[in-house]
Amino acid sequence: MIPLDVFGSESVAADLLEQVRWRNGVTCPRCRSDLTVKNGSYGHFQRYLCKNCDRTFNDKTGTIFAHSKIALGKWLFSIYAFLRFNTSLRQLQLEIDVQYKTIYKRVERFTKALDAPSLDLVGPIEIDEVYVSAGMKGRERDRPSRSRGLSTRGRGSYEQDKPPVFTIVDRGTGNRYVIPAKSADESTVRLLLANREKEPLTVYTDGFRAYDPLAEDDAFDREYVVHGDGEYADEDVHVNTCESHGSLLRPWLSPHRGISKDKLTQYLRAFQLRRKLLRKPGRKALKHAIKATL
């Protein structure tokens, strides 16, 4: 159920932020002391006094919502619609009635606040790669028009504006990851698989040559299927879960009408968060999204 009361009432939005931010108790965002007392209010938000550093702060201080004249309810609606419904920034501009530059900066601030995924692989795992269109959007305009070349079939590269994105599925934990890279080669694959709990790590791949060296390394137990030979699954040996997860990535990027390579990581982190919110009801999903930025 969509939490419309949060989006329509600034006091309800402020209460929700207070619940999520201080779920483990109020601490000063400057000196981290828990010697704090309530000290009046700041609009709809509770203000506090830190007895350790003798400075005041409120529920928004030190968050992505600080120093904004736009109502918190509007920002929470933007985050919710962006994640839940994959709403484009142009559409969000119309929905909350703010300038495009403002909504762009705020959504960018939200995606930058998201933590990078931490890979601690248990295994067995699947690994595959997908290539997405990400070019020079938003760069300076005083350069010659580039040849897009995005219709090229097959494997792309970062330089060709078709960077690889690796999808990793850890069957041991159920975790799924999407991680951009500048190249799809052996060194990148080894770097992605570096954090593993035990050796050998069972790795399921397709027949792409970048995975071939894993078969000669005692740290890995590589098994694979060759799609070119019409082989897609051999009992547990397949990358179908990776391909299913990767197939959701292009529709996620599509409404944004082409994104910059520089911003790809941020959009992928938002995609990762969106997948975690998929089965959560509205208010719980919103709380989780707020928590991810704190």
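Buried means under 20% relative accessible area, exposed over 50%, and partly exposed in between, with a 1.4 Å probe and protein chains only. The views below show a predicted model, in which local features need pLDDT of at least 70, side-chain atom pairs count only at pLDDT 80 or more, and totals for chains, interfaces and linings use all residues. Residues are numbered from 1 along each chain as its sequence is written, and side-chain values use heavy atoms, with hydrogens and water left out.

**View 1. Arg190 and Glu186 pair within helix α6.** A salt bridge here is a side-chain nitrogen of Lys or Arg within 4 Å of a carboxyl oxygen of Asp or Glu, and the count by this rule is 7. Helices (H or I, at least four residues) and strands (E, at least two) are DSSP runs, numbered from the N terminus. The closest N and O atoms of Arg190 and Glu186 are 2.9 Å apart. Both residues sit in α6 (residues 186-192), 4 residues apart, or about one turn of the helix. Arg190 is partly exposed at 28% relative accessible area, and Glu186 is partly exposed too, at 35%. Look also for Asp217, which is linked with Glu186 and Arg190 in a network of salt bridges.

**View 2. Asp5 forms a salt bridge with Arg283.** Their closest N and O atoms are 2.5 Å apart. The pair links distant parts of the chain, since Asp5 belongs to helix α1 and Arg283 to helix α10, 278 residues apart. Asp5 is partly exposed, with a relative accessible area of 38%, and Arg283 is partly exposed at 32%.

View 3. Glu108 lies in α5 and Lys263 in the loop between β10 (259-260) and α9, so the pair ties together parts that are 155 residues apart in sequence. Glu108 counts as buried at 15% relative accessibility, while Lys263 counts as partly exposed at 21%. The expected span of a helix is 1.5 Å times one less than its number of residues; for the 14 residues of α5 this should be 20 Å, which agrees with end C-alpha atoms 20 Å apart.

**View 4. The largest nonpolar core holds 46 residues.** A nonpolar core is a set of buried Ala, Val, Leu, Ile, Met, Phe, Trp, Tyr and Cys residues joined through side-chain atoms within 4.5 Å. Phe65, Leu76, Phe82, Leu83 and Leu249 touch the most other members. The largest share of this core, 8 residues, comes from α3. At least three residues come from each of domain 1 (4-113 + 282-292) and domain 2 (125-138 + 154-259), with bounds from an automatic or database domain assignment. Leaving aside neighbours within four places in sequence, Leu76 is in contact (heavy atoms within 4.5 Å) with Val6, Phe7, Ala13, Leu16, Phe65, Leu286 and Ile290. A second, separate core of 21 residues includes Leu193, Leu201, Val203 and Ala219.

**View 5. Cys28 is in no disulfide.** With a disulfide taken as a pair of cysteine sulfur atoms within 2.5 Å, the count comes to 0. For Cys28, the nearest cysteine sulfur is that of Cys53, 3.7 Å away. Cys28 is buried, with a relative accessible area of 0%, and Cys242 counts as buried at 1%.
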